[in-house]
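Please consider the sequence and the model shown here. The account that follows is a guided reading of selected elements.

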Amino acid sequence: EQQANYRRSGFDLAWHNRRFQTLGRTPQPRDSRVVKLTSLPFEVVAAYDRSFHPEPRPVFLQAWIQQRRGMALGWWQDGRLQGYGVVRACAQGHKIGPLCADTPAIADSLLDALLGCVMPKEPVFLDVPEPNRDALALAERHGMTATFPTARMYRGPAPRIDLARQYALTALEIG
């Protein structure tokens with residue numbers, strides 16, 4: 001709704017996001033490749049995270065993956081991190097973000113594991129960048145309901161980030 005105001009201030013549309021909603025689930029046995037992100041060397045996590053954000057964010061990331069009311073999980077295979085996601089409590093329910101993965105199958109397994117960290121019937125939200133069609137399909141496969149759209153806008157050129165492997169943004173305010 002505010003895009004015209006931002007355009008007048010010199011911002012340009014980079015892409016749209018879509019918020020999805022579902023419910024927490026009864027935990028299922030996890031694939032052995034799903035590990036707590038805090039069990040991995042932080043440098044590995046920070047290097048993987050760098051592909052999805054325009055600037056390094058080690059101080060933020062360290063705090064984000066160690067939230068008291070959250071869980072950070074990674075996909076560790078063949079000696080390297082191939083995906084990660086964080087679920088955290090928010091004002092109403094829980095939010096998953098970021099969710100980044102090298103393949104749709106890894107994103108699917110991480111999403112299952114993260115949803116299992118939330119009590120059944122508790123609302124869970126996911127903010128998906130619309131250019132990632134695999135992310136939209138992931139939300140559909142999990143029976144998520146699309147709620148409202150948002151716009152990602154920048155003043156000047158949009159940063160080069162890997163949206164093809166980004167299945168959920170950290171937060172709308174952060175990216």
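The model is predicted: local features require pLDDT of at least 70 and side-chain atom pairs pLDDT 80 or more, while totals for chains, interfaces and linings use all residues. Residues are numbered from 1 along each chain as its sequence is written, and side-chain values use heavy atoms, with hydrogens and water left out.

Strand S6 spans residues 123–129; strands are DSSP runs of E of at least two residues, helices runs of H or I of at least four, both numbered from the N terminus. Six of the seven residues of S6 are buried, that is, under 20% relative accessible area with a 1.4 Å probe and protein chains only. Strand S1 (residues 11–23) runs antiparallel to S6 and is joined to it by seven bridges, where pairing requires at least two DSSP bridges between two strands. Within this pair, Arg19 stands opposite Asp127.

Strand S5 (residues 94–101) pairs with S6 in the parallel sense over three bridges, and Ile96 has Leu126 as its bridge partner. The chain passes from S5 through H4 to S6 in a right-handed β-α-β crossover: with the strands pointing away from the viewer, the path from the first strand over the helix to the second runs clockwise.

Thr170 lies in the segment after strand S8 (166–168). Thr170 counts as buried because its relative accessibility is 0%. Its side chain makes a polar contact with the side chain of Arg57 at 3.2 Å; such a contact is a pair of N or O atoms within 3.5 Å, and within protein one must be able to donate a hydrogen and the other to accept it, with residues adjacent in sequence counting only if both atoms are side-chain atoms.

Notes: Buried < 20%, exposed > 50% of the residue type's maximum accessible area, 1.4 Å probe, protein only.
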